[in-house]
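Please examine the structure shown below together with its sequence.

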Amino acid sequence: MLVSDKSVPVTDAPDFLLGGGDMGARMRAHDWSASPLGPLEKWPQPLKTLVAVMLTSNQPMFIAWGSRRTMLYNDGYAEILALKHPEALGQPFDQVWSEIWHSLEPIMTRCYLGEPIQMDDIALVMDRHGYPEETHFAFSYTPVRDEAGRVAGVFCPCMEITARVMADRRQIFRLKLEEGLRDLSEPKAVMAAAAKALGRYLDVAQVGYAEIDADGYAITGGEFHDGRIPGFPAGRYHLENYGPTMAADMAAGQAVIVCDVREDARTSSWDVLAAYAAISLRAFVVIPLAKDGRLTAYLYLAHPEPRRWSADDLAVTREVAERTWAAVGRARAEAALRESEARFRLMANAVPQILWIIDDKGRNEFFNEQWFNYTGGARQPTTASEVAEGFVHPDDRDSTMAAFDEAQQTGQTFLVEHRIRSKDGTYRWFLVRGEPVRDPCTGAITQWFGASVDIHDRKQAEEANARLATIVASTTDAIIAFAAEDGHILAWNRGAEELFGYAEAEALGGPVGLLVPPDLSKGDATGVFRRAMDGVRVHEHETVRVTKSGERIPVAVTASRMLAPDGRVIGVAGIFRDLRERKAIEERQALLAREVDHRSKNALAVVQAMLRLTRANDVPTFARAVEGRVAALARTQTLLAEARWDGAALYAMLRGELAPFLAGQCADLDGPPVVLPPGTAQPLAMAVHELATNAAKHGALSIPDGRVSVSWRVEDGTLRLCWAEAGGPPLAGPPSRRGFGSRVLESTVRGQLGGALSLTWARTGLVCQIEVPFQRSPAGMAAAGTDAVGGDQQDA
């Protein structure tokens, strides 16, 4: 019971008892006259001074005074006394702490002999809450002398460090437990080690760990017992064995704590007590573990004597239960992993291919036995780059590492073909494929799983076939093989299919004369074949063969006999070269010769007419005029030649004719793609040349700011072209006399082209409208090419 300062008047109290909280009030209210210390006013001054210091301090302190060691203490020490307070005030020290006096008496004796004593940690089993409990204190015992110089008492500031000591001890226990469980790989070994460690730490007679199956049965796994009570038989126990109340608590995840089976209502029935007595059980604890809403395991403590389970006991037990559950799960996962790895290695070593695993940095984690059997490589850590350097063919190393680097960067499949050196130094081709393994949470690549498959024999066969196929397929010639015995067809390549029209399936087995026209002599069917069979090499024999459709094709035949490895003649191989293109070229060359002769005569006729029409006052002027017109004809001639005389693009012709006259001025060309027939192109070019010449002398192209616009369209078979000048010298009207250029335009447009011509001398510049009969053809449009473009075009 606490006594407040207000309950006792303090006006008459000695100064050294003023304040001091509850203990100050109690000391002021206490009747000291009947105590060994006597009335307050007779207390020695050293005692008064120490009491004043003690009462005003927050640190727990006590004073033992006189031969009876009468106890005085402050509020801080009252908390240490717990249930011994307040009766301890004024009582002999040895009676207050009778349960630990055997530990404190030597210390108190030494101090009364004048020796100051300090201890940083003293362990004492106190009974201050109605039960024994381990406590720890740091204190300093100081002898106090009276006025005569004799030791009259002991002054002790102290501090309880029980919580800190217990925390340190638990931490050491945790570390040792973790270390003890770390390397255990069997679940039962984990359970037993945890039970033993906890039993030793708590000094409990028995500790056990059990797991709960789907039917609600507890399966014991690992136990510890020190012999004070018999061990429980291993097996399956239903939770109902604990009784319905405790079973329900365990299912709900609540701890079952029994300090004495005889005093607990859940265990005090006669039949239950009899069962517990048979196994010498008086106190126990069960800590259940519920995971995902289901009871999965529990850890229990059992003791043959009544025991008050401390909060530290329960906290440590819960922690061990959790750690055991985690360690058992880890051990099972590692066991499953070991089993999985063993199955993987068995499977990996059973396949005939090389299997490998590398991490995301390219470090090798696994090679199956095929790698070591083939390469003879050392069983030691290595990397992808080291493998490439040591085993991959030098010509394949860079491409292999480049492919792997790209796969790492993109996260795509690693796929490459390279040669790997065997232990005898030879190289074989392998197809190597690796797939990335990703972290399920981050998506980052953690490993590469791959296989290297021997494709050397296939590679060689493919190369041989590829060489042969390249020889056969690289030519457009028909290659046909005939059997030695009767000449029936044995082989028929794609060139033969394309040349003669028979599919391979149709031709194979056909007679030697399949392609010979029926009107040729019978000897032609077998003549080439017989000559080749006789060992004569037939080279470029020109003849005619007939296709499936009946077309007669000129061909050149080269044939020779085929020999087996033993020298036997097994047939004839013939190469049939299509001569149609060569024959056509020859015919076209003859035609072109005749055409050149004809066009040369026409060109000379145009030049002759141009010369007759050209007028000039002097020879240099005449020469310049002739040169310009000849150049215009030449440019058009070039356009026609480039298009194989199928026509000339109008846009290209206009651009070519205007370019020589532009000196910074602009020429706008606007119209659809139009291809001029040869008979129209040259005369129209002459007309445009005359317009450009006039513009350069008198019109828009005679000054820097001038502009010429040419637009055109085709309507109803007529080409309508408009020449418009702007920005040149202003025109006063039509010229007073008809000039030579006008006569050339009239002669060209109306005379040669049969068209219409209109000239308008506007003040802003000359406008010329030309209409020419015109018929476009698909061939002509195709010949326009990239020069025949629509939309606005501009030459600068």
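In which loop does Pro-86 lie? The model is a predicted one, and in this model Pro-86 belongs to the loop between helix H3 (75-81) and helix H4 (93-96). The peptide bond that joins His-85 to Pro-86 is cis, with an omega of about 10°. Asp-292 is placed in the loop between strand E10 (283-291) and strand E11 (294-303).

The next topic is the packing of helices. Helix H7 (residues 187-202) packs with helix H10 (residues 311-350) at an angle of about 165°, and the two axes are 9 Å apart. Because of that angle, H7 is roughly antiparallel to H10. The crossing of H7 and H10 is right-handed. On the H7 side, the contact is made by Pro-187, Val-190, Met-191, Ala-194, Leu-198, Tyr-201 and Leu-202. Their partners in H10 are Asp-312, Asp-313, Val-316, Thr-317, Val-320, Thr-324, Ala-327, Val-328, Ala-331 and Arg-332. By class, this contact of H7 with H10 comprises twelve nonpolar, two polar and three charged residues.

H7 and H10 also take part in the second largest pocket, since a pocket lining is defined by residues with an atom within 4 Å of a point. Strand E4 (133-145), helix H6 (162-182), H7 and H10 each supply at least two residues of its lining. The second largest pocket holds about 780 Å³ of space. Its lining has 25 residues, and Glu-133, Glu-134, Arg-307, Ser-310 and Asp-313 are those that lie nearest the centre. Which helix gives the most to the lining of the second largest pocket? That helix is H6, with five residues. The lining of the second largest pocket divides into twelve charged, nine nonpolar and four polar residues.

Four cavities of 30 Å³ or more are found in a search of the whole structure. The largest cavity has a volume of about 270 Å³. It is lined by 19 residues, of which Trp-356, Ala-384, Val-387, Phe-414 and His-418 lie nearest its centre. At least two lining residues of the largest cavity come from each of strand E12 (354-359), strand E13 (364-367), helix H12 (384-391), helix H13 (394-410) and strand E14 (414-421). H12 gives the most to this lining, with four residues. The lining of the largest cavity contains 14 nonpolar and five polar residues, and no charged residues.

H12 and H13, which both contribute to that lining, also pack against each other. Their axes come within 10 Å and cross at roughly 165°. H12 and H13 are therefore roughly antiparallel to each other, and their crossing is right-handed. Ala-384, Ser-385, Ala-388 and Glu-389 in H12 meet Arg-397, Met-401 and Phe-404 in H13. The contact of H12 with H13 has four nonpolar, one polar and two charged residues. Ala-384 accordingly has a place in the contact with H13 and is among the residues nearest the centre of the largest cavity.

The axes of helix H20 (residues 650-658) and helix H21 (residues 678-697) come within 9 Å, with a crossing of roughly 35°. H20 passes H21 in a right-handed crossing. From H20, Leu-650, Met-653, Leu-654, Glu-657 and Leu-658 meet Leu-684, Ala-685, Val-688, His-689 and Ala-692 of H21. By class, the contact of H20 with H21 consists of eight nonpolar, one polar and one charged residues.

Technical notes
Residues are numbered from 1 along each chain as its sequence is written. This is a predicted model: local features need pLDDT of at least 70, side-chain atom pairs count only at pLDDT 80 or more; totals for chains, interfaces and linings use all residues. Side-chain values use heavy atoms; hydrogens and water are left out. Axes are lines fitted to C-alpha atoms, for helices over the stretch in contact, and angles run from 0 to 180 degrees between N-to-C directions. Angles under 35 degrees count as roughly parallel, over 145 as roughly antiparallel, 65 to 115 as roughly perpendicular and the rest as oblique. A crossing is left-handed if the near helix is turned anticlockwise from the far one by less than a right angle, and right-handed if clockwise. Contact means heavy atoms within 4.5 Å. Ala, Val, Leu, Ile, Met, Phe, Trp, Tyr, Cys and Pro count as nonpolar, Asp, Glu, Lys and Arg as charged, and the others, Gly among them, as polar. On a 1 Å grid over the protein atoms alone, a cavity is a set of points where a 1.4 Å probe fits but cannot get out, and a pocket is an open set with protein on both sides within 12 Å along at least five of seven lines; lining residues have an atom within 4 Å of a point. Grid points are joined across faces, edges and corners, and a volume is the space filled by probe spheres set on the points.
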